[in-house]
Amino acid sequence: MTVYVARTYLIKPDKLKEHNNWGKKLVALMKNQPNLFKGVKSMQVFSHMQDESGCKFTALWGFEKLSDIKEWKRGFKEIPQEKSLRDEIVELFVDGSYQSSILKPIKTLKRKTKPKKHSLKKHK
């Protein structure tokens, strides 16, 4: 069962362009150095509704198991780019808005959808 790291933060309203550029740097790093992200199964970024205080984002990182998260954090802190990436993103945050938590699903429901029946009409 997938375990998630959810990182939620608020970006200053005038820093959205910089945030997008920062995200591109992170994606490039993920593509160019996949070994730094080997425990990561998935990553999604969600944008919440924007208001005058800034734009809220949630980055959801998926891992196979809890130990993968610990290994990923430890390995990522050892690379030179980590410090500069962290310094860049922190400057964009609204003070005190960053939160990080680990989410473990306790129940997953999978719905089976019924296929639509196509009626065949006879033509006279």
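Which side chain does a polar contact of 3.2 Å join to that of Thr-8? The partner is the side chain of Thr-58. A polar contact here is a pair of N or O atoms within 3.5 Å; within protein, one must be able to donate a hydrogen and the other to accept it, and residues adjacent in sequence count only if both atoms are side-chain atoms.

This is a predicted model: local features need pLDDT of at least 70, side-chain atom pairs count only at pLDDT 80 or more, and totals for chains, interfaces and linings use all residues. Residues are numbered from 1 along each chain as its sequence is written, and side-chain values use heavy atoms, with hydrogens and water left out.

Thr-8 lies in strand S1 (residues 3-11). Strands (E, at least two residues) and helices (H or I, at least four) are DSSP runs, numbered from the N terminus. Thr-8 has a relative accessible area of 13%, so it is buried. Buried means under 20% relative accessible area, exposed over 50%, and partly exposed in between (1.4 Å probe, protein chains only). Leaving aside residues up to four places away in sequence, Thr-8 touches Lys-56, Phe-57, Thr-58, Ser-97, Tyr-98 and Gln-99. Contact means heavy atoms within 4.5 Å.

**The sheet**

An open sheet is formed by 4 strands, in the order S2-S3-S1-S4, with antiparallel pairing. Strands S2 (40-47) and S4 (99-103) stand at the edges with a single partner strand each, so one side of each has no neighbour in the sheet. The twist from one strand to the next averages 15°. Two strands pair if DSSP finds at least two bridges between them. The pairings are set out below, each with one bridge.

Axes are lines fitted to C-alpha atoms, for helices over the stretch in contact, and angles run from 0 to 180 degrees between N-to-C directions.

**Burial and core**

S3 is mostly covered, with 8 of its 9 residues buried. S1 is mostly covered too, with 7 of its 9 buried. The largest nonpolar core has 22 residues, of which Ile-11, Phe-37, Trp-61 and Phe-63 touch the most other members. Such a core is a set of buried Ala, Val, Leu, Ile, Met, Phe, Trp, Tyr and Cys residues joined through side-chain atoms within 4.5 Å. S1, H1, S3, helix H2 (66-77) and helix H3 (80-90) each give two or more residues to this core. S3 gives the most, with 5 residues.

**Aromatic pairs**

Rings of Phe, Tyr and Trp (its six-membered ring) pair if their centres lie within 6.5 Å; planes under 30 degrees apart count as stacked, over 60 as edge-to-face and the rest as tilted. The count by this rule is 6 aromatic pairs. Tyr-9 and Phe-57 have ring centres 5.9 Å apart and planes at 25°, so this pair is stacked. Tyr-9 in S1 and Phe-57 in S3 are 48 residues apart. Both are buried. Tyr-9 and Phe-93 form a tilted pair, 4.9 Å centre to centre with 35° between the planes. Phe-93 sits in the loop between H3 and S4, 84 residues from Tyr-9. Ring pairs link Tyr-9, Phe-57, Phe-93 and Tyr-98 into a cluster.
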